[in-house]
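This report is an introduction for a reader who has not seen the structure before. Please keep the sequence and the 3D view at hand while reading.

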Amino acid sequence: MIPSTYATVAQHLRESKSIVVTTGAGMSAESGVPTFRDETGLWMGYRPEEVATPTAFARDPNLVWSFYRKRRADLAPIQPHVGHRVLAGWQQRFEDLTIITQNVDGLHERAGATRVFELHGRLDLTRCTACNHQQQGLDDLGALPTCPNCGALLRPAVVWFEEMLPEAAIVGSSEAIDRCDLLLVIGTSNRVYPAAALVEQAALRGVPIIEINPKPTPLSNLAGVALREPCGRALAGIDAAL
Ligand code: BJW
Ligand code: ZN
């Protein structure tokens with residue numbers, strides 16, 4: 001017996017021509033990646049401005065690298081879950097489905113998703129603060145890694161507060177939002193901009209919005225349908241109803 005909300009979302013999916021799915025940290029929670037703002041989230045014990053701003057990195061790169069060194073090590077054994085696989089499968093099934101993620105864990109791609117815009121960069125990418133050098137991988141680079149080319153400090157290739165998002169990701173995301181006729185918002189607190197503004201942008205055009213999140217968010221009022229449960233179970237349920 002398929003719950004009626006799963007059937008409703010499945011019907012929306014079948015009837016839509018262009019679908020966008022935005023995801024946040026809650027998307028990866030069932031894989032074992034901590035969220036940021038929940039009770040046991042990553043920001044507990046840290047003030048975000050102490051570890052996730054360029055000013056913080058300039059002031060205390062040791063502290064910032066110790067935060068990211070642990071997160072890179074923790075990410076290494078993590079695997080995508082059924083929800084990531086369902087979304088990747090929908091990209092094969094539906095003509096136009098774009099995933100826009102704030103996550104830096106690369107789990108959508110590892111589950112086989114092909115069209116993914118990563119708004120906040122990648123934890124498995126490191127870049128030089130002085131030259132164009134970039135390196136890929138989750139290897140332990142030591143306490144304060146430096147560039148093999150020029151000797152300057154390396155930094156995680158993620159987007160911190162006060163930094164611009166990658167141009168291609170923000171342009172591609174905005175275009176996808178402008179042509180979509182269905183938006184699924186999964187596992188984000190919708191507190192960080194400009195990511196949250198994409199949801200507002202779709203709402204302004206009257207696009208139906210479906211939120212999958214155990215808890216309401218500041219943008220829940222824009223969603224016509226809300227599934228208040230973990231996304232792995234919800235996505236598997238919707239998939240079964242398709
Ligand atoms: C589940 C679940 C399960 C649990 N299933 N769900 C407009 C207004 C106000 C402020 C601004 C504005 N525009 C810009 C700003 C400033 C700032 C901002 O937004 N501040 C607000 C916080 C007030 N934005 C920026 O600075 C951005 N840059 C920018 O705007 O550039 C222009 C500029 C230039 C110069 C000066 C000023 C502006 C950059 C933002 C970068 C964010 N970076 C981080 C860190 C990335 C690196 C890293 O990983 O360390 O990105 S912050 C952190 O928050 C991370 C996340 O991607 C992001 C969003 O968090 P997310 O994913 O929503 O996670 P949570 O924990 O908040 O929520 C999890 C949710 O999951 C919860 O709702 C749970 O209920 C749910 N959940 N289990 C489904 N199983
Ligand atoms: Zn360099």
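## Strand pairing around strand 4

Two strands count as paired if DSSP finds at least two bridges between them. Strand 4 and strand 6 are joined by four bridges and run in the antiparallel sense. The model described here is a predicted one.

One of the bridges can be named by residue: R127 has R155 in strand 6 as its bridge partner. Strand 6 is mostly covered, with five of its five residues buried.

## The zinc site

The zinc ion (ligand 2) is held by the SG atoms of C128, C131, C147 and C150, at 2.3 Å. Along the chain these donors follow the spacing C-x2-C-x15-C-x2-C.

Why is the arrangement around the zinc ion (ligand 2) tetrahedral? The four donor atoms subtend angles of 100 to 120°, and four donors count as tetrahedral if all angles lie between 85 and 135 degrees.

C128 is buried, at a relative accessible area of 4%, because the limit for buried is under 20%. C150 has a relative accessible area of 41% and is partly exposed.

Another part of the model is an open sheet of six strands, in the order 3-2-1-7-8-9, with parallel pairing. Strand 3 (116-118) and strand 9 (225-227) stand at the edges; each has a single partner strand, so one side of each is without a neighbour in the sheet. On average, neighbouring strands of this sheet are turned by 15° against each other, direction ignored.

Strand 2 (residues 97-101) pairs with strand 3 over three bridges, in the parallel sense. Within this pairing, I99 stands opposite V116 in strand 3.

## Helices on the sheet

Helix 1 (residues 4-15) packs on the sheet and touches strand 1 (19-23), strand 7 (182-186), strand 8 (209-212) and strand 9. The direction of helix 1 makes about 125° with that of strand 9. Helix 10 also packs on the sheet, touching strand 7, strand 8 and strand 9, and its direction makes about 130° with that of strand 8.

Helix 10 (residues 231-241) also crosses helix 6 (residues 82-93): their axes come within 8 Å, at an angle of roughly 35°. This crossing is left-handed. The residues that meet there include V86, L87 and W90 in helix 6, and L235, A236 and I238 in helix 10.

Terms used. Residues numbered from 1 in each chain as written. Chains lettered and ligands numbered in written order. Predicted model: local features only at pLDDT ≥ 70, side-chain atom pairs only at ≥ 80, totals over all residues. Heavy atoms only, no water. Donors = N, O, S within 2.8 Å, 3.2 Å for Na, K, Ca; no water. Tetrahedral: all angles 85-135°; square planar, octahedral: opposite > 155°, others 65-115°. Buried < 20%, exposed > 50% of the residue type's maximum accessible area, 1.4 Å probe, protein only. Helix = DSSP H or I, 4+ residues; strand = E, 2+ residues; numbered from the N terminus. Axes fitted to C-alpha atoms, helices over the stretch in contact; angles between N-to-C directions. Left-handed = near helix turned anticlockwise from the far one by under 90°. Contact = heavy atoms within 4.5 Å.
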